[in-house]
Amino acid sequence: MRRAVDIDRFIVRNGPAWDRLEQLTARAGHRLQGLAPAEVDELVALYQRVSSHLSHARTAYRDPALTARLTRLVARANGAVYGARGRGMSAVGDFFAWRFPAAVWQSRRFVLASAVLLFVPAVALGVWLATSDAALDASAPEAVRQAYLEDDFESYYSSEPASAFASKVTVNNIQVALMAFAGGILLCLPTAALLVVNGATLGMAGGLFAEAGELGKFFGLILPHGLLELTAVVVAGAAGLRLGWAVVAPGDRSRGEALGEEARQAVVIALGLMVAFAVAGTIEGFITGRGVPTALRVSIGVAAELAFVSWVVVQGRAATERGVTGAVGELDRGWDELAEARERAWSR
C-alpha cells in the first residue's frame, strides 16, 4: 500500500515534466528544427531529468507500466536529439559502450537465477561423484573413465587445427546460447533445462577429476576459455529467462506488450554475446590445448573474464544512470552530444 502511494506521489510530482518533454519531442522535427534555441535547452534539461526518473523508477518501484512509459518517453527524446546524426561505426560503438552493458546490467536478477541453474547442478553432481563410489561406478565403466582422465579430455582441445577448432566451438557455443535465449519464450522451461543439463555435464567432468585427485589438471584446461564462455552462457540464459518471465508475469501489460518490450533488450544481449563467444572460442582454439604453460593460459582466461565483467558492471551501471535502457533502436552517445545539440540550435 505504501509503495502504491509513493508511486502516485512520484507521478503527480513529475508528471508535468514528462508531459512537457513529450510535447517538445513531438515538435522537435528534423535536427530539432521545430524548436527555438531556448526550447532545445529545455528539451536537453528535461531529457536528463526524466532519464534520472527512469533510473529511479526501475530501482525503487519496479512498476512495469511506469517503467514502460518512461522508457518510451526517454527513447523518443533520445531519438529527437540524435536521430539525424550519422550512424555507421559510431552506432557500433554506441552498441557496445552503452546498449549491451545496460541491457545485461538491468537483467542482473535473471543473471543470478541463470547462474544458479547452471552452477548448482554442476557443484552438486561434482561433489556426489567425487565422494560416492556408487555414483562413480554408475557414471561410466572404469576403463572409459580412465581413458577420459588420461587422454580423451585433454586431447579434445588439440583434436583439430587451431583455427578450425576455434571456429567449431564458437559456432557451437553460439547455437547453445541461441537455444537458451529462444527457449525462454516457452515459460522459461527449455532455458532452465538447458542450463541444468550443461551444468550437470560440467559437474560430471569435474567430479571425475576430483575423485582421481587431478582437479588441477581439470581447472587448468577449463578455466582459460571456460570462465568467459560459461559467463556468456549464463547471460544468454538470463536473456531467455527474462523473455519467459514476461509471459509468466507481465504485470500491468498484456503478455504481447510485455514480451515485445523485454525482447528489445534480450535481443541486444544475444547480439552482444557473439563477441564474448568469439573471444572464448579463440582462447579455446589457440591457447587451451596448444602447449601454453598452465599459469599463462589461466591468467589469460582470468584477464578476459575480468575485462568482460568489469565492462558489464561499470559501464552497465553508468549507462543505466544516464537513462539508457539497452533496447533495440535506442541510441545514446553520452552527455557531450547533448551539449552539441544545444550548440546546433544556438548557431542557427
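Modeller: A residue counts as buried under 20% relative accessible area, as exposed over 50%, and as partly exposed in between, with a 1.4 Å probe and protein chains only. At 46% relative accessibility, L187 is therefore partly exposed. The model here is predicted, and local features need pLDDT of at least 70, side-chain atom pairs count only at pLDDT 80 or more, while totals for chains, interfaces and linings use all residues. Residues are numbered from 1 along each chain as its sequence is written, and side-chain values use heavy atoms, with hydrogens and water left out.

Biologist: Where does L187 lie, and what is the phi of this residue?

Modeller: L187 sits in the loop between helix 8 and helix 9, where its phi is near 60°, a positive value in a residue other than glycine. C188 belongs to the loop between helix 8 and helix 9 as well, and although C188 is not a glycine, its phi is positive at about 75°. With a relative accessible area of 13%, C188 is buried.

Biologist: How many helices and strands does the chain have?

Modeller: Helices (H or I, at least four residues) and strands (E, at least two) are DSSP runs, numbered from the N terminus. In this chain they come to 13 helices and zero strands. Of the 348 residues, 47% count as buried, while the chain exposes about 16,100 Å², of which carbon and sulfur atoms supply 63%; such areas come from the Shrake-Rupley method with a 1.4 Å probe, and for residues only the protein chains shown count as cover.

Biologist: What share of the contacts join residues at least 24 apart in sequence?

Modeller: With contact meaning heavy atoms within 4.5 Å, the share is 80% among contacts between residues at least 6 apart in sequence.

Biologist: Which residues have the most contacts inside the largest nonpolar core?

Modeller: A nonpolar core is a set of buried Ala, Val, Leu, Ile, Met, Phe, Trp, Tyr and Cys residues joined through side-chain atoms within 4.5 Å. The largest one here has 32 residues, and F100, I269, L273, F277 and F308 have the most contacts inside it. Two or more residues each are given to this core by helix 4 (88-105), helix 5 (108-131), helix 8 (162-183), helix 10 (215-248), helix 11 (255-288) and helix 12 (294-321), and the largest share, ten residues, comes from helix 11. Leaving aside residues up to four places away in sequence, L273 touches F100, A232, V235, A236 and F308. A second, separate core of 25 residues includes I7, A57, Y61 and A80.

Biologist: At what angle do the axes of helix 9 and helix 10 cross?

Modeller: Axes are lines fitted to C-alpha atoms, for helices over the stretch in contact, and angles run from 0 to 180 degrees between N-to-C directions. The axes of helix 9 (residues 189-211) and helix 10 come within 11 Å and cross at roughly 170°. That makes the two helices roughly antiparallel, since angles over 145 degrees count so, whereas those under 35 are roughly parallel, 65 to 115 roughly perpendicular and the rest oblique. Among the residues that meet are L195, L202 and F209 in helix 9 and F218, L230 and V233 in helix 10.

Biologist: Is V44 buried or exposed?

Modeller: V44, in helix 2 (residues 37-60), is buried, with a relative accessible area of 1%. The C-alpha atoms of V44 and N78 are 9.3 Å apart, although 34 residues separate them along the chain.
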